[in-house]
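Subject: Structure for you to look at

Hello,

Here is the structure I promised to pass on. Please open it and keep it beside you while you read the notes below.

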Amino acid sequence: MFWGIAWMFVNLRLIFKKLDTNPLHIRTAIYSLTIGWIAISSACNDIDGRLSLSEADLSALLADSVSMYDADPKAEMPDPTAALPTLWRGNYLKDFNDSNYVHWADAERIGIQPLTDTRSHLFTSRPLVRITSCEDFYLENLTHSEPYLVPEAAQLLHDIGSRFNAILAANGGARYRIKVTSVLRTPESIRKLRRTNRNAVDSSVHQLGTTFDISHSRFIPDSPQPAYSSEDLKQALASVLDQLRAEGRCYVKHERKQPCFHISARPVR
């Protein structure tokens with residue numbers, strides 16, 4: 001907001017100092033003033049939208065986490081040398097089968113309007129948090145989505161990762177991170193993605209900034225031993241998602257054609 005006000009002030013000063021009547025200069029000044037107003041409006045919208053989370057939580061989410069966690073992970077998971085205890089005994093398809101309709105219903109309450117053009121990127125109805133790889137998760141190199149979520153979804157993603165890490169720490173101490181494979185999509189990116197992924201529908205809730213996908217077949221090993229199978233790690237992740245779903249924090253869909261959990265944040269209660 002400060003830079004928006006400064007930008008407007010500089011241009012107003014130039015106009016009144018020179019009393020320039022050149023039409024081209026006037027149009028340029030008006031454009032500059034408009035950009036300044038957009039910056040101010042966007043900042044004000046951000047302040048209004050942050051009320052659902054504490055200032056401390058929001059500051060933590062907005063903090064730049066670019067670090068060693070962005071380093072390329074190992075190409076392959078190591079062969080398992082240990083087994084995790086049975087942490088979850090449910091059925092993936094039955095227990096994680098929340099439909100797109102319920103995902104969308106709550107997403108409309110806390111999400112943004114789908115980004116349709118350049119102007120819509122400037123005037124999002126909710127603040128967006130940029131996510132990067134960190135100790136809680138690894139963000140895959142995104143090709144059909146952008147690394148942004150509304151604050152509630154960003155907090156949910158961190159909570160999933162930290163709880164997953166806590167389970168592993170309590171059962172042998174191995175260090176793995178969950179792998180995020182898709183985040184915020186636009187109508188254009190969905191059209192491109194549909195060529196290779198049938199799950200990408202025009203009504204994808206990924207457009208609202210509330211939803212992300214986590215792989216359930218690939219995890220990021222940060223320590224060589226002990227090494228667990230992808231199925232054991234999937235079960236550990238499922239136990240975390242089952243807890244958070246029971247707490248009313250999210251909806252979850254176990255995708256069949258793509259090896260991932262499709263997860264949408266719900267309003268903070």
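A search of the whole structure turns up six aromatic pairs. Keep in mind that this is a predicted model.

Start with Trp88 and Tyr92. Their rings form a tilted pair, 4.9 Å centre to centre, with 40° between the planes. Are these two residues buried or exposed? Trp88 has a relative accessible area of 9%, so it is buried. Tyr92 counts as buried too, because its relative accessibility is 16% and the cut-off is under 20%.

Now go to Tyr176 and Tyr228. This pair is stacked, with 6.2 Å between the centres and 25° between the planes. The pair links distant parts of the chain, 52 residues apart. Tyr176 is in strand β4 (residues 176-182), while Tyr228 is in the loop between β6 (220-221) and α9 (230-246). Both tyrosines, Tyr176 and Tyr228, are buried.

Go back to Tyr92 for a moment. One aromatic cluster is formed by Trp88, Tyr92, Phe96 and Phe261. The ring of Tyr92 also has a charge over it: the charged end of Lys234 sits 4.0 Å from the ring centre.

**Helix α9**

How many residues does α9 have? The helix has 17 residues. From its first C-alpha to its last it reaches 24 Å, close to the 24 Å expected at 1.5 Å a residue. Its buried residues include Leu233, Lys234, Leu237, Val240, Leu241 and Leu244. What covers the buried residues of α9? Among the elements that do so are α4 (92-95), α7 (151-170), β4 and β5 (211-215). β7 (250-254) and β8 (260-265) also belong to that cover. Just after α9, Gly248 takes a positive phi of about 80°.

**The core**

The largest nonpolar core has 47 residues. Ile160, Phe164, Tyr176, Phe212 and Ile263 have the most contacts inside this core. Which elements give two or more residues to it? They are β2 (137-139), α7, β4, β5, α9, β7 and β8. The largest share comes from α7, with eight residues. In soluble globular proteins, nonpolar side chains tend to be buried together.

Take Ile263 as a case to click on. Leaving aside neighbours within four places in sequence, Ile263 is in contact with residues including His103, Leu156, Ile160, Phe212, Leu241 and Val252.

**Helix α5**

His103 is also part of helix α5 (residues 100-110), where His103, Asp106, Ala107 and Ile110 are buried. Why do they lie on the same side of α5? They cover an arc of only 110° around the axis, which puts them on the same side of the helix. An α-helix has 3.6 residues a turn, so residues three or four places apart point the same way. On the other side of α5, Tyr101, Glu108 and Arg109 are exposed. The cover over the buried residues of α5 includes α7, β7 and β8.

**The whole chain**

Last, some totals. The chain has nine helices and eight strands. Of its 269 residues, 46% count as buried. Take the contacts with a separation of 6 or more: 75% of them join residues 24 or more positions apart.

Best wishes

Key: Residues numbered from 1 in each chain as written. Predicted model: local features only at pLDDT ≥ 70, side-chain atom pairs only at ≥ 80, totals over all residues. Heavy atoms only, no water. Phe/Tyr/Trp six-rings, centres within 6.5 Å; stacked < 30°, edge-to-face > 60°. Buried < 20%, exposed > 50% of the residue type's maximum accessible area, 1.4 Å probe, protein only. Helix = DSSP H or I, 4+ residues; strand = E, 2+ residues; numbered from the N terminus. Lys NZ or Arg CZ within 6 Å of the ring centre and 35° of its normal. Expected span 1.5 Å × (residues − 1). Contact = heavy atoms within 4.5 Å. Core = buried A, V, L, I, M, F, W, Y, C linked by side-chain atoms within 4.5 Å. Arc of directions from axis to C-beta.
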